[in-house]
Amino acid sequence: MTVFSSEEPRETLVGDIVIDAYGREFSGDKYYIRVSIEALLQILNDPTEAPIHQQAVQALNAMFGPLQNNCAPYLGRIVPAVLRAMEMAPPGQADFYVENLGRLVCMSRQLIRPFLEKMFDLFDPDAHASDRLQSSLVGLIEVLAEALSGDLGSHISTVLPFLVSVIDRDASEMRQVTDRTLHALRILSPSLEGYLFLVMPRLLSLLDLATTPINVTESTLACISSIVSAVNCNSFASRMVLKLVELLQCSPTPQFQTAVVDVFCTLMEQLQDEFTLFMPMISLTMKRRGIFDHAKYERYSRLLFSGRLIPKDTLRVPPLLSGDTTKAETGLSMVNTDGMTKQYVNATVLRRAWTVSQSMSKGEWAGWLSKFSNELVRQSPSAALRACSGLASKHPKLCKELFNAAFVSCWTELPGQYQQEIVSSLQEVASKPDVPPDVLQTILGLAGYMERDEKQIQIDLKLLGDYAERCHALAKELHYKEAEWTLEKNYETIEKLIELNQNLDLPDSAVGMLNYVCKEQPDIRESVEWYRRLQRWDDALTIYRRQEAEEGPSYSNTNGQLR
C-alpha cells in the first residue's frame, strides 16, 4: 500500500548536538523530549533500521502517554515518519502501525488535526487487505472521528466507501470485521446526513438471520438506532419498518425481540406523527409473536398520541481503541512545575552500574559502559528518556545517542557524594592503559557536553587532555591544552599547542597563538624550536644570532644557523 512519497529526511544531528542547538540549554524536560524524539525519528527514517521500527513506534507512544501536549510540536514529523515506516514494513505488519497511529490520535486529539491528510490516504476501498488490517483501519476511523468531535469534513466521502467495502467483502463465518465496522458507523452517525443512500441499504441487508450471525444482526440494530437518532431517515422509514417487521417475525429469543422493538421506539421518536402509519402493522406482528407487555413501546405510544414524545439526544459511542499503551518501566513519579511527569532516580541501582571492578579485563570495558549507559536511560528522571529505555537496551546506537542527555538528567538529581563517586569511577576507567578508545571518546564527549551546558564535570583539564591524546582526538586535545595554558603557562604546553595546530592543518592559528604568547608573556623565553616547527626560518635565525651575541659562538648555534 503506497501512502505517500516525501523528500529524504534531513540529517538532524552533528555529533551529539542537534544542528539548531535546541536553544541555549542542553538540559531540562523539553530538551530531553526533543533529544528522545529526534533519536527515534532517525531510526524510523532509516530503512536499514527497519527491524526495530516497531519498537521505535512503541517508544514514541509510551512517551506521549505521560507527556501528551509537550510532544505536540513534533506531530508534524512523527506522523509522516510512522507512515513511512509502515511503507517499508512487510505487509503483515501494517496493522501494527495503523493501530499505533490510532493510539497516537487518541492521545493527541485535536492537536493532530493539521497532520491528518496523509492518514486518510490509507482508506482505499479498492485495496485488498487482511481482516486484521481492515479491523485496525476501522479502529483508526473511530479514533479520528472521536478526536475531531465527529467533524470529518470532506473526508467522510473517503471513509464511508471504505467502510461499505469492508462490509461487502467480509465473507467470514463470524463476520467480526463487519461487527467492528458497525461500531464505527455508530460513532460516525452524526456525519451521515446525505450519505444514507450509501450506508442504509447495506445495513438493512444485514438484518437477515439466515445469512448473518445473530450477534452481527444485534450490532446492526444498534447501528440503525444510532443513525436514526442522529440524522433524518424519513426517506428510508418504510424500508426500515418492513425489514424490522420481517425480523421480528422470525426473532429467535425474547432478548432479540426486545432489541427490535427498541429500534421501533427510536423510529417513533424521530418520525413522530408519521410513525402512526406503521403502528397497526407493528402491533399486529407483536401480538402474533406474543409480545404484549413491552413497557417502553407502550409508554412511547401514549406519549406520541398525547403530543409529549420528545426525541432524545444522540448518545456518545466511544471508540474501542484507547490511548493506553504498555508503559516503559518508570517506577515512582512526580509532576514538576511545568506539568510534566518526572521520575525518581534510584541512586542505589545506578550506583551498582557505575561501580568499576578491579579485575576487569580489556574486553569488559565496553560492557561496563553499555551497562552504565542503559541504566542511565532507565533511571533518568525524564519520562521521555525513560520511555526509550526498552529499545535502548537492545539498540546500542540509540543508547549511545542518549548517553549524554541521560547522564546530565541523572546527574542533576544526585547528591554531591554520588556525583563525586561517578567522577572517580570515570577517572579510574580512563586511567586504565587497556581501556578502548571508544570509552575514552565517550568520556570526552560527556565532558564537552556538560561544559556547553555550564555543568563542568570535575575532571582535571590535564587529564582530559591526556585522554584526548590517547584516543587521537586532536581537536578535543587542542581545546583542553588551550584551557591548560590559561592555568599553567609553560614551554611544554606551548610546544604541544604548536604541534596540535600543525597536525590539524591550522598553521595560522599556531602563529597567532605564538604571537599572543610573546606579547602577553614577555618573560617567557622564545624557543628556536617553536619557529622551526612553524617553518618561520627568519625568526629562528634571529634568535640564533641573538643567542650567539649573548653567549658567544658554539657548535650547536652555528649548526642551527646553517640549517
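A salt bridge here is a side-chain nitrogen of Lys or Arg within 4 Å of a carboxyl oxygen of Asp or Glu. The model is predicted, so local features need pLDDT of at least 70 and side-chain atom pairs count only at pLDDT 80 or more, while totals for chains, interfaces and linings use all residues. Residues are numbered from 1 along each chain as its sequence is written, and side-chain values use heavy atoms, with hydrogens and water left out.

**Exercise 1. Describe the salt bridge of Arg77 with Glu38.**

Step 1. The closest N and O atoms of Arg77 and Glu38 are 2.8 Å apart.

Step 2. Helices (H or I, at least four residues) are DSSP runs, numbered from the N terminus.

Step 3. Classify the exposure. Buried means under 20% relative accessible area, exposed over 50%, and partly exposed in between, with a 1.4 Å probe and protein chains only. Arg77, at 28%, is partly exposed, whereas Glu38, at 3%, is buried.

**Exercise 2. Find which parts of the chain the salt bridge of Arg351 and Glu421 joins.**

Step 1. The N to O distance of this pair is 2.8 Å.

Step 2. Arg351 has a relative accessibility of 32% and counts as partly exposed.

Step 3. Elsewhere, salt bridges with shared partners join Arg34, Glu38 and Arg77 into one network.

**Exercise 3. Locate Ser189 and list its contacts.**

Step 1. Ser189 sits in the loop between helix H8 (176–188) and helix H9 (196–205).

Step 2. Its relative accessible area is 1%, so Ser189 is buried.

Step 3. Contact means heavy atoms within 4.5 Å. Leaving out residues up to four places away in sequence, Ser189 touches Ser226, Ile227, Ala230 and Val231.

**Exercise 4. Work out how helix H10 packs against helix H11.**

Step 1. H10 (residues 214–230) and H11 (residues 237–249) pack at an angle of about 150 degrees, with axes 13 Å apart. Axes are lines fitted to C-alpha atoms, for helices over the stretch in contact, and angles run from 0 to 180 degrees between N-to-C directions.

Step 2. Angles over 145 degrees count as roughly antiparallel, and H10 is therefore roughly antiparallel to H11.

Step 3. Thr217, Leu221, Ile224 and Val228 of H10 meet Met240, Leu244 and Leu247 of H11.

Note on methods:
Helices (H or I, at least four residues) and strands (E, at least two) are DSSP runs, numbered from the N terminus. Angles under 35 degrees count as roughly parallel, over 145 as roughly antiparallel, 65 to 115 as roughly perpendicular and the rest as oblique.
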